[in-house]
Amino acid sequence: MSSTAGGTRLHRPIRRLARLLLHSFYPDLSITGLGRVPDGPLVVAANHPNSIIDPLLLSAWFPRPIRWLAKAPLFEHPLAAKMLSSFGVIPVRRRHEGRESRGTNPAIETAAEAVAEGTVLGIFPEGLTHLEPRLKRLRKGVAHVARRAAELSGEPVQVLPVVLHFPDRARFRSEAAIVIGEPIAVDAELESDAFMSVLEERLSEQLVAVDDGEHEELLTAFRVIERSELADRIGADDPGERHALDLAVARAIRRFSKEEPERLDDFRQRLVALAEQLDLQGISAASLDLRTSHRRITGRALSLLGLPVLLLGLLQSGPPYWLAGRRARRRALVTGAPSQAWHALLSGTLLFPLYWGLLALGLHAWLGPVPAVLSLLVAPFLGLITRRGVLALRSWRREWRLRLRHPRHLQQMRAERASLREEIERWRGMMEDAAG
């Protein structure tokens, strides 16, 4: 099928470009379960927590080229249409957008033909992106595509469950984990309801989800205050291992909500209150840790030596970074929070090269071609270093302001964190006793 070939022809260079851009947003990314990716006809079925970032991440780092089904309105933006088409994305019009509601579905047929020819097809069975950690009701389109592809190819088609995990979607330069599950074999005699139950189970077992909004609030506060320290203690070095830690914490919350609901609710209120105080003061939980305080102060003092580099980076990347973030936040107010990362990526893709190009032209006119070329080469790396330096200096300023103006309040927060940590150790001890 020609569209398949056209979709994969540009995949390799586009994937390299996507990796470079996405690394600015998710420098800490891991993929687990790569050994489970089979050869042959394959359908990737993933959850959908983060708008268009989800297919871009998978397309950039999945070992086989992926084609995607996407709603047709996403192609209305010219740049978005170019990027999506470069990955071989198949536009789909839903019923309220004019799709046929009776007879053979052309989108299913097109997708099934691509799979039968050996293409890897990506599908989000939930049908939409959303903020909730739990799965929405899965739609049966993935079953129809896999079954029809098995009919066309005359051999079983594999459906691969994949979970995308973003602990903090709203934070710039956050972490992400891609967890690949065990494939499910599908033949032409597929029973849709049984298959959907298996798919939902395999996706749900890797989702970090709790039972209600209050428990979600507790899980979020735990990530803010204790996750990094606990991850360091148990040796969770990459996002995949920290994803496993998040799963364990979510399971503990679900368990203790049944065994000791009152004590868990008291713990939740205290942990959330401490997280809110940290947010109000504009400092991180690391500021409460006396063991690392002197080491962090020394490291930040040494970083002052890089102030000239930081100032140069601010001149080179500050304006487009500020404009991209501002536009992304404003667009997210209209289209919804899950699209913020996509709008930031799209705006940055336009603004950064444009601004760097204008600076290079100015340097060429002022100093000649060599400085202009050098500025273009170092711009991406200098931008990342500058962002990290700005965050470090901002955190340092807020922490010292609190130390000097409200030392007693800082001591109270440290004492509360120590008390909460003792409670966490009690929960861990109970779980270890039960496991033993």
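Tutor: Buried means under 20% relative accessible area, exposed means over 50%, and partly exposed lies in between, with a 1.4 Å probe and protein chains only. This is a predicted model, in which local features need pLDDT of at least 70 and side-chain atom pairs count only at pLDDT 80 or more, while totals for chains, interfaces and linings use all residues. Residues are numbered from 1 along each chain as its sequence is written, and side-chain values use heavy atoms, with hydrogens and water left out.

Student: Is arginine 263 buried, partly exposed or exposed?

Tutor: Arginine 263 lies in helix 11. Helices (H or I, at least four residues) and strands (E, at least two) are DSSP runs, numbered from the N terminus. The relative accessible area of arginine 263 is 38%. That value falls between the 20% and 50% cut-offs, so arginine 263 is partly exposed.

Student: Which residues does arginine 263 contact, leaving aside neighbours within four places in sequence?

Tutor: Contact means heavy atoms within 4.5 Å. Arginine 263 and glutamate 423 are 160 residues apart in sequence, yet 9.9 Å apart in space, C-alpha to C-alpha. With those neighbours set aside, the contacts of arginine 263 are Glu423, Arg426 and Trp427.

Student: How far is the charged end of arginine 426 from the centre of the tryptophan 427 ring?

Tutor: A charge sits over a ring if NZ of Lys or CZ of Arg is within 6 Å of the ring centre and within 35 degrees of the ring normal. Arginine 426 meets this over tryptophan 427, at a distance of 5.4 Å.

Student: What type of aromatic pair do phenylalanine 256 and tryptophan 427 form?

Tutor: The structure holds four aromatic pairs. Rings of Phe, Tyr and Trp (its six-membered ring) pair if their centres lie within 6.5 Å; planes under 30 degrees apart count as stacked, over 60 as edge-to-face and the rest as tilted. Phenylalanine 256 and tryptophan 427 are 4.3 Å centre to centre, with 45° between the planes, and the pair is tilted.

Student: Which residues do ring pairs link into a cluster?

Tutor: Tryptophan 427 pairs with phenylalanine 256. The cluster is Phe256, Phe267 and Trp427.

Student: Which residues touch the most other members of the largest nonpolar core?

Tutor: A nonpolar core is a set of buried Ala, Val, Leu, Ile, Met, Phe, Trp, Tyr and Cys residues joined through side-chain atoms within 4.5 Å. The largest one has 33 residues. Helices 8, 9, 10, 11 and 16 each give two or more residues to this core. Those touching the most other members are Ile253, Phe267, Leu271, Leu278 and Met413.

Student: What span does helix 11 reach from its first C-alpha to its last?

Tutor: The expected span of a helix is 1.5 Å times one less than its number of residues. Helix 11 has 21 residues, and its reach is close to the expected 30 Å. Glycine 282 follows helix 11 with a positive phi near 75°. The span reached by helix 11 is 30 Å.

Student: What percentage of the residues count as buried?

Tutor: The protein has 16 helices and eight strands. In helix 11, the buried residues include Leu264, Arg268 and Gln281. Of the 436 residues of the protein, the buried share is 45%.
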